[in-house]
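Reader: I would like a close look at a single part of this model, with its surroundings described in one connected answer. Please keep to what can be computed from the atoms.

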Amino acid sequence: MLEFAARFGETLLYTLRDVTPIVVILVVFQLGVLRRSLPNIRGIVTGSVMVLLGLALFLIGLEQALFPIGETMARQLTETAGSSSLTSAVRWEDYWVVYLFAAAIGFATTVAEPALIAVALKAEEVSGRTVNAWGLRIAVAVGVAAGVSLGCFRIVTGTPLPWYIVVAYVVVIVQTFLSRRTIVPLAYDSGGVTTSTVTVPVVTALGLGLAANVPGRSPLLDGFGLIAFASVFPIMSVLGYAIVAERVGRWRTRRERQGVES
Amino acid sequence: MRRFALSVGKQTLGALRDLAPIFAVVAFFQIVVLQQPFPDIADVIVGLVCVVLGLALFVEGLERGLFPLGEALAQGMARKGSTTALLAMAFCLGFGTTVAEPALIAVAAEAAEVAADAGFIGGSQAAQNQYALEVRAVVAVAVGLAIVLGVLRILKGWPIHRFIISGYVLVMVMTLFAPEEIVGVAYDSGGVTTSTITVPLITALGVGLASTIRGRSPMLDGFGLIAFASLTPMICVLGYGMVA
């Protein structure tokens, strides 16, 4: 219990250090430049304290429960996956459990990402509920799942990272011109928010574990890149979802109209 | 007080739903694929309770504190009408929240290790620390400039895709010329600059600005700051790798 309290205090201090520069900047501009006190100061102070306590609790819980398991599992899976092959050559099919785990853990950690929850809530409010917060989070999570899985495939095969990223960028550019303009900024944003507190540590552990255990790969050179995959693919999946949803909507209204005419 | 308890209770249920996929994935792989029991099951359960309560508190606090704060500030600055002050605040927020970001510190240290391994810098600890510090400063300035550019875009109503697409093209071209070893680190650095507290605040800032300035739509103009903040670090780390 005492140990837990000590760790909680330590994490709280860590979070505080993270927040202090932001608070200082906000206070300086509010009081120094605007020369006005904040409206509803009580709500803001309670809210900020809740955010701090909540984030500290969340992080300590993750460290206690999920990260050790995630890291052990990443190591065990990458160790056992390749051992079934009889030849010394690396065969990418031998690692299918790793791809499956990567997709599953990428999806699950993204759904729980607090930063993404915040952006999704805001988007739902601003769009007048035409963007559904839960739907957006699922679309982003599917993107991260596909990205991390493909990133693991890249580490196993040892193919150059830029090829994948350049192709992904070209796809995003084409999709941008096919989408409705209102969804584009939100889709671009969803690429950056996916990789925060929950996803980065687990995904990094997976990448480093994989690069260390696949013969011929070095953790230093091949372990990177999973975060990059996890930030580009959600843009694709959100834009893709918006394009499909719009096409389906248009097709439906056209059919209804035809139904009325005949 | 009762209303407070009620809303926290509601958030707790929401948090349980948010975290259910993680629990399911970990349990499935642990029990079915690896066929091993959980180590220290008591620790795990205490941790899970912390995670659920923490997420509930965080989301509730966000709606009470961080969102109103960011929006009030954005609206105040927009009404004041001083572009210089607004851009100065944008730079400070971007720089200030990034320079101390734990994920960035980790990536900068890795970048220094890669650079030392490839022989760009000396292998000594001092040289590596120096390099890591420079990478951090470069990225923090990059994020500061990104938020400035993003706010300027909201003020002027420029379409976002031109910026992002030019950024992508720049990244692709620089990839051809940058040392191969730095490319992976550079690509990853885009994802690490946006922390859990910065994201809600920056989002509220953008949406608040776009909804105060006449002729801007919050949906079309309010979002996009995060996108800028994840693109510029890539460009800057690639550029730094080419120069240093």
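**Salt bridges and their setting**

Author: A:Arg180 has a relative accessibility of 46%, so this residue counts as partly exposed. The model is a predicted one, and the values below are computed from it. A:Arg180 makes a salt bridge to A:Glu246, with 4.0 Å between the closest N and O atoms. A:Arg180 sits in the loop between α6 (161-178) and α7 (184-193) of chain A, while A:Glu246 belongs to helix α10 (residues 226-261) of chain A, so the bridge ties together parts that are 66 residues apart in sequence. A:Glu246 counts as partly exposed too, because its relative accessibility is 23%; the cut-off for buried is under 20%.

A:Glu246 also has a salt bridge with A:Arg250, and here the closest N and O atoms are 3.3 Å apart. Both A:Arg250 and A:Glu246 lie in helix α10 of chain A, with a spacing of four residues, about one turn of the helix. A:Arg250 is partly exposed, its relative accessible area being 43%.

The background is brief. Side chains of opposite charge can pair when their charged atoms come close.

Over all chains, a search of the whole structure finds five salt bridges. One salt bridge is counted between chain A and chain B. That bridge pairs A:Lys122 with B:Glu71, and its closest N and O atoms are 2.3 Å apart. B:Glu71 lies in helix α2 (residues 41-80) of chain B and A:Lys122 in helix α4 (residues 114-126) of chain A, so this pair joins two chains. Both B:Glu71 and A:Lys122 are buried, whereas A:Arg180 is partly exposed, at 46%. A:Lys122 and B:Glu71 are also linked with A:Glu125 in a network of salt bridges.

The contact between the chains can be described further. Chain A contributes 92 residues to the contact and chain B contributes 91 residues. Between them the two chains bury about 8200 Å², and 80% of that area is on carbon and sulfur atoms. On the chain A side, A:Met50, A:Tyr169 and A:Phe224 lose the most area to chain B, together 9% of what that side buries. As for polar contact, seven residue pairs are counted between chain A and chain B, with both residues at pLDDT 80 or more. Helix α2 (residues 41-81) of chain A supplies the largest share of the side of chain A that touches chain B, namely 21 residues.

Chain A has ten helices and zero strands. From the N terminus on, its elements run α-α-α-α-α-α-α-α-α-α. The C-alpha trace of chain A spans about 75 × 70 × 30 Å along its principal axes. Of its 262 residues, 54% count as buried. Chain A exposes about 11800 Å², of which carbon and sulfur atoms supply 65%. Among contacts in chain A between residues at least 6 apart in sequence, 78% join residues at least 24 apart. The bridge from A:Arg180 to A:Glu246 connects parts 66 residues apart in sequence.

The buried residues of α7(B) include B:Ile182, B:Val185, B:Tyr187, B:Asp188 and B:Val192.

On the surface, B:Val169, B:Val173, B:Leu176, B:Phe177, B:Met242 and B:Val243 form a nonpolar patch, with about 640 Å² of accessible area together. Helices α6 (160-177) and α10 (225-243) of chain B each supply at least two residues of the patch, and α6(B) gives the most, with four residues. B:Val173 is placed in helix α6 of chain B and is partly exposed, with a relative accessible area of 40%.

Key
Residues numbered from 1 in each chain as written. Chains lettered and ligands numbered in written order. Heavy atoms only, no water. Patch = residues over 30% accessible without salt bridge, like charges linked within 9 Å, V, L, I, M, F, W, Y side chains within 5 Å. Areas by Shrake-Rupley, 256 points an atom, 1.4 Å probe, with all protein chains shown as cover. Salt bridge = Lys/Arg side-chain N within 4 Å of Asp/Glu carboxyl O. Buried < 20%, exposed > 50% of the residue type's maximum accessible area, 1.4 Å probe, protein only. Contact = heavy atoms within 4.5 Å. Buried area = accessible area lost by both parts, 1.4 Å probe. Polar contact = N/O pair within 3.5 Å; in protein donor to acceptor, adjacent residues only side chain to side chain.
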